[in-house]
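Me: I would like to go through this model with you and ask, for each label, what it rests on. Please set the value beside the criterion each time.

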Amino acid sequence: MKNKNRSSLAYLTETALLIALSMAFSFLESRIPAFVAVPGMKIGLANIAVLVALYRRGAPTALGVSVVRVALSALLFGNTAAFLYSAAGAVFAFLVMLLLRSVRVFSPVGVSIGGGVAHNLAQIGVACLLLRSSAALFYLPALLVSGTVAGTVIGIAGALAYRALAGIR
Amino acid sequence: MKVKGTEKRQILFDCALAVFLLLLALTAFLLLGHRDRGSAVRVYVQDECVGEYSLSRDGVYVLNGGTHLLCVEEGAARLTEASCPDLLCVKQGRVSRTGERIICLPYRLTVEVTGGGEEIIPTGG
């Protein structure tokens, strides 16, 4: 009984911390002026938390971290349009990451690359829908490259974080 | 993060994925518009063309009833002022080659360079 209470408390705390970190990352990178030229280009630091949750606790927790982060961030910082973008990117990225992970041929870095690119693709998709044209496809090359590079970096960071947390149950 | 012998294989697949995506990006880049200088810019709001301006004549134009300011200078166009909150469209800079475009999402406004050669995939809006 004591063990069960302790581990479920640990789970709750850990998940809450991951969500909070995810939000902090998201806010932090929105303040970096470097990535302005292309709409939607960002590092995706928040995905580190989702990756860690995915590998430490599994798919439902990871989805929870992602969705709650998007919802809370939108409530605190964003507007309806930003929320739509964020949500579309997060959901699609999660699905792709889940798929890549279940295939079992990719390391977390590969999964992260998939997630980053999927996120960007979803955002281009939403932009095309809003503009009612394929004009947003213009950014496809740039976002594919940035998604791949960022995904690699995020994946390595996530793997390091996972390894650091490995001792904690 | 399972440290087994399969780790090297996984990294191989990761690299394959990354290379594939980068090649995809290159393909998309080559297909989505010529690198020729365009002759005019078309302004679209949603999917409706609301104006066309020549790139061969310098000028400043008020777009969309005053929400954006288009500046044509030395064969290139850019948005110098906008009413959107993030001003990403202004920061996107100058466009001059066929297929290049500036997009302002909050206002659903697109400035697209036309003319000067055929686009292999017509991505008109």
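Me: What makes the largest cavity a cavity, and how much space lies in it?
Reply: In this predicted model, the space in the largest cavity comes to about 230 Å³, and the word cavity applies because a 1.4 Å probe fits there but cannot get out. A search of the whole structure finds one cavity of 30 Å³ or more.

Me: Which residues line the largest cavity, and which elements give two or more of them?
Reply: The lining holds 23 residues, and those nearest the centre are A:Gly44, A:Asn47, A:Gly115, A:Gly116 and A:His119. Two or more lining residues come from each of the helices H2, H3, H4, H5 and H6 of chain A. By class, the lining has nine nonpolar, eleven polar and three charged residues, with Gly counted as polar.

Me: Why is H5(A) called largely enclosed?
Reply: A residue is buried when its relative accessible area is under 20%; 21 of the 24 residues of H5(A) are buried, so the helix is largely enclosed by the rest of the structure.

Me: How do you know that the span of H5(A) agrees with its number of residues?
Reply: At 1.5 Å a residue, 24 residues should span 34 Å, and the end C-alpha atoms of H5(A) are 34 Å apart, which agrees. After H5(A) comes A:Arg132, with a positive phi near 55°.

Me: What makes up the contact between chain A and chain B, and how much area is buried?
Reply: The contact takes 35 residues from chain A and 31 residues from chain B, and the two chains bury about 3100 Å² between them, 70% of it on carbon and sulfur atoms. On the chain A side, A:Val105, A:Leu131 and A:Phe138 supply 19% of the area buried against chain B, more than any other three residues.

Terms used:
Residues are numbered from 1 along each chain as its sequence is written. Chains are lettered from A and ligands numbered from 1 in the order in which they are written. This is a predicted model: local features need pLDDT of at least 70, side-chain atom pairs count only at pLDDT 80 or more; totals for chains, interfaces and linings use all residues. Side-chain values use heavy atoms; hydrogens and water are left out. On a 1 Å grid over the protein atoms alone, a cavity is a set of points where a 1.4 Å probe fits but cannot get out, and a pocket is an open set with protein on both sides within 12 Å along at least five of seven lines; lining residues have an atom within 4 Å of a point. Grid points are joined across faces, edges and corners, and a volume is the space filled by probe spheres set on the points. Helices (H or I, at least four residues) and strands (E, at least two) are DSSP runs, numbered from the N terminus. The expected span of a helix is 1.5 Å times one less than its number of residues. Buried means under 20% relative accessible area, exposed over 50%, partly exposed in between (1.4 Å probe, protein chains only). Contact means heavy atoms within 4.5 Å. Buried area is the accessible area (1.4 Å probe) that two parts lose on being put together, summed over both.
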